[in-house]
Amino acid sequence: CIADKCPDTCCAGWQIVVDSESAGKYSCAGGEIGNKLRRSMAVDSDGDTVFVSQNGRCPFLLESNLCEIYTELGKESLCKTCALFPRHITHLGSRKETGLSLSCPEAARLIFSSSEPISFETAEDGAMPEPNSIDPTLYFTLVKAQKTAINILQNRDFTIAQRLIAFVRFCDRVQQEIRTKKIADVAVSEDFFVPVPFSKVKAENTLKKCFETLECLEKLDVRWNAELESAKNITPVKSEEFRKILSESEWEAEHLAVYFAFRYFMTAAFDGKLAEKAKFTVLSVIACLILQAALPDFSQKSARIEAARRYSKEVEHSAENMAAVTLAIKKSRCFGSDNLINILSR
C-alpha cells in the first residue's frame, strides 16, 4: 500500500462493509474516535453494517488521505474489508488461493511490472481445513485443469489470440466432462489453437452486446461512462489500434488473462460452471483491450494499465455488477464460445 500517495484511494468511491466482530469492537471504543466510530456506522438496505460515506469518502479518510482508524488505533483495528484489500482469497477447504486485485493502482503496477510469465507460489500455513460442501471429484478435476489452463494462456509459441481461443475450447471440454459426470483428463490438442473463419457481423453483434451490458451496470465513477462511449467506437473489425495492442503488447494481454483465470477458475468448485468463468475471463480481456485501444495515449503502458484497472474496479467490485455480467454471459448467445472465438480469429 502506498497510502496517501495512492492516485485512487480504496477509501472512496464505494461503501465499506464492517464485519460484525469489528463493529462490536468499534461500539466499545473509547474517546472521541470511539464516538465518531459509533456515529459513522449504519445498517444499509442489504442488512450490512457500513461506514456512512461523506461526499463519496469514508468518514475516516483524512484530508491527508491517511486512515484515521489506523493512525489513532493502529493497524490491528482495521475492519476485515480494509485489512484484506487489495488481496482476494478463495477458500477451498484445505486450500486457499490468494492474489492481488487489479483494481488497486499499486497492485496493477506490480502485476504489469515484468514481461516474464506470472508464477505462483505454494506454501503450507498450518491452518485447519475449513468445513465445505465441495464435491471432491470436481475439486481435484478443476485443480488439474487449472494448471493446464494457465499453461495454455502462457504458451508463447502461439499468439495471445490463439491462446485465448484454446483456453475457451479447453474449458468447454472440461465443462462437458463435469456435466456428464464422466470426468476424465482433457488432453490439449493443437486443434484447440486454430482460429475460425472470421464473421464481421457476429463480431459486431457480440461487441455491441458487450458494451450494452457494461453500460447498464452500476457506475462507481462517472468517468466510466465516457470511457465506455469511446470504446464503443473501437472494434476488432475496424481498429488498427486494437490489433496493434494485441501484437505489440501480448504479454500484457497474457497477464490480464492469467489474472482473471486465476481469480475465477476455481470458483467453479462451488457451482460447477467452469465455462461461464472462462467466458468471463475472455470477455474481460477483450473489453480491457478495446478500452485500451480507445485511449488517445494507448501507446503509453501506464494508460493501458489504468484502463484495465478501471474495468476491474467497476465490474469486479460490485456484487450486482458481477451478477449482471454473469447473467448476460449465461443468457445471451452473443457470448457463446463460438462468438468469442470469432472475435479473436480476426
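Being 3 residues apart in helix H14, Glu306 and Arg309 are separated by about one helical turn, where helices (H or I, at least four residues) and strands (E, at least two) are DSSP runs numbered from the N terminus. The two residues form a salt bridge whose closest N and O atoms are 2.9 Å apart, a salt bridge being a side-chain nitrogen of Lys or Arg within 4 Å of a carboxyl oxygen of Asp or Glu. Glu306 is partly exposed, with a relative accessible area of 31%, whereas Arg309 is buried, at 3%; buried means under 20% relative accessible area, exposed over 50%, and partly exposed in between, with a 1.4 Å probe and protein chains only. Salt bridges that share partners join Asp8, Asp221, Arg223, Glu227, Glu306, Arg309, Arg310 and Lys313 into one network.

This is a predicted model, in which local features need pLDDT of at least 70 and side-chain atom pairs count only at pLDDT 80 or more, while totals for chains, interfaces and linings use all residues. Residues are numbered from 1 along each chain as its sequence is written, and side-chain values use heavy atoms, with hydrogens and water left out.

A search of the whole structure finds 21 salt bridges. One of them joins Lys313 to Asp8, with the closest N and O atoms 3.0 Å apart. Lys313 lies in helix H14 (residues 301–316) and Asp8 in the segment before E1, so the pair ties together parts that are 305 residues apart in sequence. Both of these residues, Lys313 and Asp8, are buried. Helix H14 also holds Arg304, whose partner Glu252 lies in helix H11 (residues 250–264), 52 residues away in the chain. The side chains of Glu252 and Arg304 meet in a salt bridge of 2.7 Å, N to O, and both residues are buried.

Asp19 sits in the loop between strand E1 (16–17) and helix H1 (20–28). Its side chain makes a polar contact of 2.8 Å with the side chain of Ser22, a polar contact being a pair of N or O atoms within 3.5 Å, of which, within protein, one must be able to donate a hydrogen and the other to accept it, and residues adjacent in sequence count only if both atoms are side-chain atoms. Leaving aside neighbours within four places in sequence, Asp19 is in contact (heavy atoms within 4.5 Å) with Cys79 and Lys80.

Strand E1 leads on to an open sheet of 3 strands, ordered E1-E3-E2 with antiparallel pairing; two strands pair if DSSP finds at least two bridges between them. E1 and strand E2 (41–43) stand at the edges, each with a single partner strand, so one side of each is left without a neighbour in the sheet. Between E1 and strand E3 (residues 49–51) there are 2 bridges, and Val17 stands opposite Val50 in E3.

Another antiparallel pair is formed by strand E4 (residues 87–92) and strand E5 (residues 95–100), which 6 bridges join. Within this pair, Thr90 stands opposite Glu97 in E5. The hairpin of E4 and E5 has 2 residues between the strands, and in it Gly93 takes a positive phi near 70°.
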